[in-house]
Amino acid sequence: GLPGRRRGCRGLGEHNLGEHGVALIDVNNVRGKLGFARATLAPFCGALARWALDERILGRVIAAIDHGPSTCALSFFGFAITFSGESETADDAIVRDVAWLAERGCAPITVVTSDRLLRQRCHAAFRDAGPRPAVRGSALRLVSSAELANALEAYALADWRTRPAPGWKLLVAAEDGPSRRASISLNPASSRSSRARIESTEDRVEDALDFHKMVTSRRASAAAARRQNAPPA
């Protein structure tokens, strides 16, 4: 069963997203609510994947991350991750995805951010998708980063290592784990000073590069293992 301290997030979850809904997560904005020093990308996304799995929406969550070696999208055991690269931002990726999903009648499109400008851009992108028949059945919802941060902090941050989502145990293994920066544990007892700490651009770039390298390496390892274990043709 699920831990007793599990907490939901209004506007997210299987009931809220329905059959065709998608949630776009402004990762660094949510991390800021938790404290950057407490929530580097690997443990944060591990916790987000654990939470999404328990909410039965794992395949419909897209984590948008600033920086990375290039603009790209990856699927890691059903968990979608987009890196903005250096030519754009995670905000740009989210706005583009809102327009793309709206054009295809996705309902609802949920964006998790407390960034006022990003919220305005998402509304504009949704509106400008045009009066196509498909769009009429769509809907845009905005959820504050604090709501998702509170839901994650309630249980998933502590459990992501002990109860990793499928595939994430590859990132937990101590002998083959993340870099020193990315392996900082999420400690609910962290001080308020760490919660308020500002993350430098240099740290953010390094963390994104480390995380991208970790994910692509584990994806390659998992693919090689599948090929090795596949029955002969």
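Strand β2 (residues 61-65) and strand β4 (residues 79-85) run in the parallel sense and pair over 4 bridges. Strands here are DSSP runs of E with at least two residues, helices are runs of H or I with at least four, and both are numbered from the N terminus; two strands pair if DSSP finds at least two bridges between them. The model is a predicted one, in which local features need pLDDT of at least 70 and side-chain atom pairs count only at pLDDT 80 or more, while totals for chains, interfaces and linings use all residues. Residues are numbered from 1 along each chain as its sequence is written, and side-chain values use heavy atoms, leaving out hydrogens and water.

β3 and β4 form a hairpin with 2 residues between them, and F77 in the turn has a positive phi of about 55 degrees.

These strands belong to an open sheet of 6 strands with mixed pairing, in the order β3-β4-β2-β1-β5-β6. Its edge strands, β3 (67-76) and β6 (140-143), each pair on one side only. From one strand to the next the twist averages 20 degrees.

Two helices lie across parts of this sheet. Helix α3 (residues 41-54) lies across β1 (22-26), β2 and β4, at about 165 degrees to β2. Helix α10 (residues 201-229) lies across β2, β3 and β4, at about 40 degrees to β3. Such angles run from 0 to 180 degrees between N-to-C directions, with axes fitted to C-alpha atoms, for helices over the stretch in contact; contact means heavy atoms within 4.5 Å.

Strand β4 is largely enclosed by the rest of the structure, because 6 of its 7 residues are buried. Buried means under 20% relative accessible area, exposed over 50%, and partly exposed in between, with a 1.4 Å probe and protein chains only. S84 is found in this strand and counts as buried at 1% relative accessibility. A polar atom of the S84 side chain lies 3.2 Å from the backbone oxygen of E88.

The largest nonpolar core has 41 residues, and those with the most contacts inside it include I25, I65, W168 and F211. A nonpolar core is a set of buried Ala, Val, Leu, Ile, Met, Phe, Trp, Tyr and Cys residues joined through side-chain atoms within 4.5 Å. Helix α3 gives the most to this core, with 9 residues. Apart from it lies another core of 19 residues, among them I62 and V98.

Aromatic rings also come together, and the whole structure has 5 aromatic pairs. Rings of Phe, Tyr and Trp (its six-membered ring) pair if their centres lie within 6.5 Å; planes under 30 degrees apart count as stacked, over 60 as edge-to-face and the rest as tilted. The rings of F76 and W168 have centres 5.0 Å apart and planes at 80 degrees, so this pair is edge-to-face. F76 is in strand β3 and W168 in the loop between α7 and α8 (169-172), 92 residues apart. The rings of W168 and F211 have centres 6.5 Å apart and planes at 20 degrees, so that pair is stacked. Both W168 and F211 are buried. Ring pairs link F76, F77, F79, F83, W168 and F211 into a cluster.

How values were computed:
A polar contact is a pair of N or O atoms within 3.5 Å; within protein, one must be able to donate a hydrogen and the other to accept it, and residues adjacent in sequence count only if both atoms are side-chain atoms.
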